[in-house]
Every structure is written in C-alpha cells, then in structure tokens.
Amino acid sequence: MRISEFRHAFVTGGASGFGLAIANAMAGHGVRVTLADVDEEALAAVQAERGELFRTSVLDVRDREGWREARARAEVDFGPVDLLFNNAGIGPDGSELADMSPESFDRMIAINLTGVLNGVSTFAASLRDAGRGHIASTSSMSGMAADNAGLGSYGPAKFGVVAMMEVLRREMEPFGVGVSVFCPGTTATNLIASTRRFGSDRFPEEASLLDLPVKPEQLAPAILRGIEENRLYIFTHTERRAAVEERFAGIMAGFDAA
Amino acid sequence: MKISDANHAFITGGASGIGLGIADALSERGIAVTIADINSDNLDSALGARAGRFHALRLDTRDRDGWAKARAEAEGRFGPVDILVNNAGIAPDGLELADMPPESFDRVIAINLTGVFNGISAFGQSFREAGRGHIVNTASMSGMVMDGPGIGSYGPSKAGVVAISEVLRMEMEPYGVGVSVLCPSYVATNLMANTISAGGSLRDPSVSLLAAEMKPPEVGELVVRGIEANRLYIYTHLARLEAVEARFAGIMADGRAQAED
C-alpha cells in the first residue's frame with residue numbers, strides 16, 4: 001500500500017523518538033496521524049507545534065479500556081484508522097536474570113509485548129473487515145539476537161514481538177492487510193527517560209541516548225519504504241547483521257549436533 | 001555438567017508428558033527428582049511406583065510464593081537442587097490474534113514465559129553461588145519458527161523462552177552453570193487435556209497429541225545428553241530443520257534487500 005493511500009495512522013509512543021519521526025514522515029505524505037503516548041507534556045508540546053494533520057491521545061498501552069477510548073476519540077476526528085504502529089516501549093533494566101526483580105520483568109512484558117497485543121486486539125478485526133491497512137510494530141535488533149547480558153526481559157519481549165508479527169502477517173495476508181516488524185539498533189531517542197518514567201532506577205539521571213549519531217528522522221524514510229513494500233522485517237542497522245547471522249548459525253549447528 | 005555429578009532435579013510440569021520423561025531419564029541415572037505440577041491427579045499417578053526416588057508437590061508456576069515454598073520443601077527432602085527443568089506450559093488457544101481474548105494471551109504468557117522466569121528467579125542465584133548446576137527451559141519449535149496456525153500467543157511465549165535461555169546462558173556461563181533450551185515439536189503428551197485442566201482454552205478440544213511418534217522417554221534421553229554436552233539448543237525433530245532455515249533465510253534476505261536500498 002502506498003503511504004499516500006493511508007488516511008489515518010495511529011502511532012503509540014508517538015510523542016518523541018521513532019514514533020514522532022514516523023508520524024512526521026507520514027504527515028509529509030498527507031496522512032492524518034493520532035499520536036498516542038503516556039507523556040502528556042510531550043504530547044501537548046507536539047500538538048501546539050504541529051498542524052491540522054495531528055491529534056494526540058494520552059494512552060498507557062497496558063490499559064485495555066484506554067485503548068478502546070483512544071481509538072474511539074481518534075476515529076471521531078480523523079475517521080477509521082488504517083495504519084497501526086505499535087511503537088511504545090521501554091528499555092532493559094540491565095539486571096542479570098538471577099537478580100532481576102519480578103516486578104521489573106512483569107513491567108517489561110506488559111509494556112513491550114502485551115502492549116503490542118493490546119493494539120492488535122483493538123484494531124486488527126476492523127482492518128481485516130475493511131480488507132486494507134497495515135500493522136507495524138517496533139521490536140529491536142534484540143528481537144533477533146539477544147547477545148548481551150542484562151537483556152533477560154527485553155530480549156524475550158522483543159523476540160515475542162517478532163513472533164507475534166510473523167503470526168499476524170500470515171493471519172492478515174488473505175485479507176489484504178500488511179504486517180511489518182521494525183527492528184532498529186541503538187538510536188538517538190529518549191528511551192532512557194521513558195524507561196525511568198515507568199520506575200526503572202537503572203540509569204543515572206543524566207544518562208541519555210540522544211547524543212547518538214543515528215537519529216530517528218534519518219530512519220523514517222526506510223521505515224515508510226518497508227511499510228510501502230509490505231516487508232515483514234524492517235532493518236535499519238546493517239552493522240548488526242553479523243550478530244544475527246552468528247545466532248542463526250549457532251541454532252543450525254544445534255540441528256547438526258542432534 | 002556430568003549427570004553423575006548431579007544430585008537433585010526439580011522439574012515443573014513433571015507429572016506427565018515431557019516433564020515425566022525427563023524425570024525418569026534423570027532418575028535412572030541415580031538423581032533424586034522433585035516433580036512439581038499444577039495437576040494433583042497427575043502427580044498422584046506419577047508418584048505411584050516411583051515414590052522412593054521422587055518427591056511430588058503441587059505448584060502453579062505463576063505463583064511466586066508457591067515457588068519459594070516448593071523449593072524449601074523439595075530441598076528439605078533431597079538437598080540442594082542442581083538441575084532445574086522449567087518445563088510446565090500450555091498449548092496455543094488456536095485463535096487468530098484479531099479474535100483472541102486478551103485474557104487468553106495473558107494466560108499463555110504468564111504460564112509459558114513468566115513461569116520460566118519465576119523458576120530462574122527462585123533458583124538462579126543459588127546455582128550461581130554454588131558455581132555448578134544446569135537449567136533447562138522447555139520452549140518449542142514454535143519458538144524458532146512461527147508457522148503453525150493460531151499461535152499468536154504461544155509463538156511469542158516460546159520465542160521468549162528461547163531468548164531468556166540465550167541471555168541466561170551468557171549470564172551463567174562465567175559461573176559454571178549450564179543452560180539449555182529444549183525445542184520439541186509434537187510429542188505424545190496430554191498437553192491438550194492439561195491445558196484445559198490448567199484453565200487454558202483450545203479451539204478444538206478433540207485434538208490429541210498422544211498418537212505423535214516421538215515419545216517422552218526418548219525426549220528425556222535427548223535432554224540428558226543435552227545437559228551433559230551443555231548444548232544451548234536441544235532438538236527432537238530434525239525434520240523441522242528446513243522450516244527454521246527458511247525463516248532465517250527470509251530474515252537475512254530482507255536485511256540484504258534493505259542494505260541495498
């Protein structure tokens with residue numbers, strides 16, 4: 001589906017980082033966008049700056065009732081959503097699994113994995129009925145290769161998002177609905193601040209990814225191209241290819257040894 | 001770890017199916033076994049003739065306090081656990097994601113993924129401090145390739161178990177603790193009946209796996225060998241190799257195409 005054919009995109013984690021970059025790029029093609037985010041202040045700032053193509057909606061992706069309300073409000077303003085981008089997420093807490101607080105594990109799964117299911121639950125049946133549209137979800141390169149200590153909750157959540165999008169793609173394909181999973185590497189976003197907001201105390205106050213050289217705006221065109229071409233996997237950090245290849249080789253070696 | 005060095009295995013979902021197959025294989029090698037299971041009837045029938053070498057206790061792997069109590073009870077009987085097998089799990093509900101009740105998704109994730117995490121939480125630090133031991137997590141071929149129908153919750157839960165195992169292995173390796181992830185396909189188990197008794201749901205309750213060619217004792221032997229060799233991935237169905245290869249090839253092909261864009 002061409003980007004200009006979309007009418008209304010609903011983007012979670014939309015007030016900053018990837019979500020906002022994707023929203024801006026979509027709006028550049030004339031698509032109306034609802035930005036959903038937990039950060040009310042950031043949403044207000046975006047709404048004040050952006051024009052008629054944007055609406056904002058305060059949403060915690062764990063809140064199923066909130067999803068229903070956010071959808072209803074969004075569609076009153078801009079009509080039926082035909083692009084859902086499940087982008088909201090938090091970063092790893094950095095603890096080893098043996099030391100990880102169960103509450104931290106639960107929080108990660110609830111936001112980064114179940115939060116995506118909640119978006120699918122809210123919109124997928126309607127997109128299927130409409131017979132058009134696209135669902136994209138932000139996973140991570142850690143959804144392909146969880147190759148660092150401290151990824152004990154983040155890795156499973158992001159692997160889970162990849163798996164869910166693969167299943168969803170097969171389920172939606174007969175109905176003409178596209179599905180993609182976006183797997184970025186480390187990028188200049190405020191992921192750390194977003195993670196702190198949800199109660200993680202791993203990072204010092206001044207920690208930030210925002211100075212990193214790769215900016216989300218630079219990656220937005222590749223993400224939109226991935227949607228347009230209905231690619232299942234959208235990769236942007238090609239330097240991570242070797243790590244993925246290495247993991248796959250290890251898995252296949254397991255077969256050889258069996 | 002050499003199996004002959006192990007003393008006490010703690011196995012969830014241990015009262016039937018793959019869990020009991022692993023329990024028998026370890027027990028035959030002289031290891032004391034605690035089978036933990038949510039299903040009391042299955043525990044009773046499994047214990048029967050095995051009573052001297054086995055300890056049986058009821059555990060819902062979602063219950064974190066239950067884990068602490070179960071561990072204390074098991075170690076009171078047989079001493080410190082040095083093999084943990086996080087094997088308990090339920091089957092997919094068979095629904096498409098667009099139609100899946102969120103509660104069903106939550107249940108599959110809570111049992112199949114967070115239940116494994118809870119086992120690691122209960123035992124991981126002690127294994128690390130002891131500087132020995134082995135943790136086996138039961139995932140599935142559906143954790144490697146998501147080509148079955150209606151696995152929108154099961155696939156993510158099992159892919160999550162693969163990921164948690166890979167990370168855990170990296171974290172535990174420096175301390176001499178081994179980690180494996182078991183990735184079976186269809187095995188002759190009562191997974192379907194157990195899914196219902198554990199509160200889960202199935203689209204087609206008449207489906208049974210009991211006629212599957214691969215039997216639990218065979219899986220038990222493969223797991224013993226996997227522990228001994230400290231294999232990260234333990235496979236039981238080599239015929240599924242091509243499906244996994246095809247998925248990986250698809251991932252790399254998308255990566256290559258976009259590198260050229």
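Leaving aside neighbours within four places in sequence, which residues is Ala9(A) in contact with?

Ala9(A) is in contact with Ala23(A), Met26(A), Val31(A), Val33(A), Leu83(A) and Phe85(A), leaving aside neighbours within four places in sequence. Contact means C-beta atoms, placed from the backbone, within 7 Å.

This is a predicted model: local features need pLDDT of at least 70, side-chain atom pairs count only at pLDDT 80 or more, and totals for chains, interfaces and linings use all residues. Residues are numbered from 1 along each chain as its sequence is written, and chains are lettered from A in the order in which they are written.

## Where the chains meet

Chain B gives 49 residues to the contact and chain A gives 52. On the side of chain B, helix 5 (154–172) is one of the elements that give two or more residues. Helices (H or I, at least four residues) and strands (E, at least two) are DSSP runs, numbered from the N terminus.

Helix 5 of chain A packs against helix 5 of chain B at about 150°, with axes 7 Å apart. Axes are lines fitted to C-alpha atoms over the stretch in contact, and angles run from 0 to 180 degrees between N-to-C directions. Gly155(A) and Gly155(B) are among the residues that make this contact.

## A buried strand

In strand 6 (residues 178–183) of chain B, 6 of the 6 residues are buried, so the strand is largely enclosed by the rest of the structure. Buried means 20 or more other C-beta atoms, placed from the backbone, within 10 Å of a residue's own. Gly178(B), Ser180(B) and Leu182(B) point one way, while Val179(B), Val181(B) and Cys183(B) point the other.

Definitions and conventions
Contact = placed C-beta atoms within 7 Å. Buried ≥ 20, exposed ≤ 12 C-beta atoms within 10 Å, placed from the backbone.
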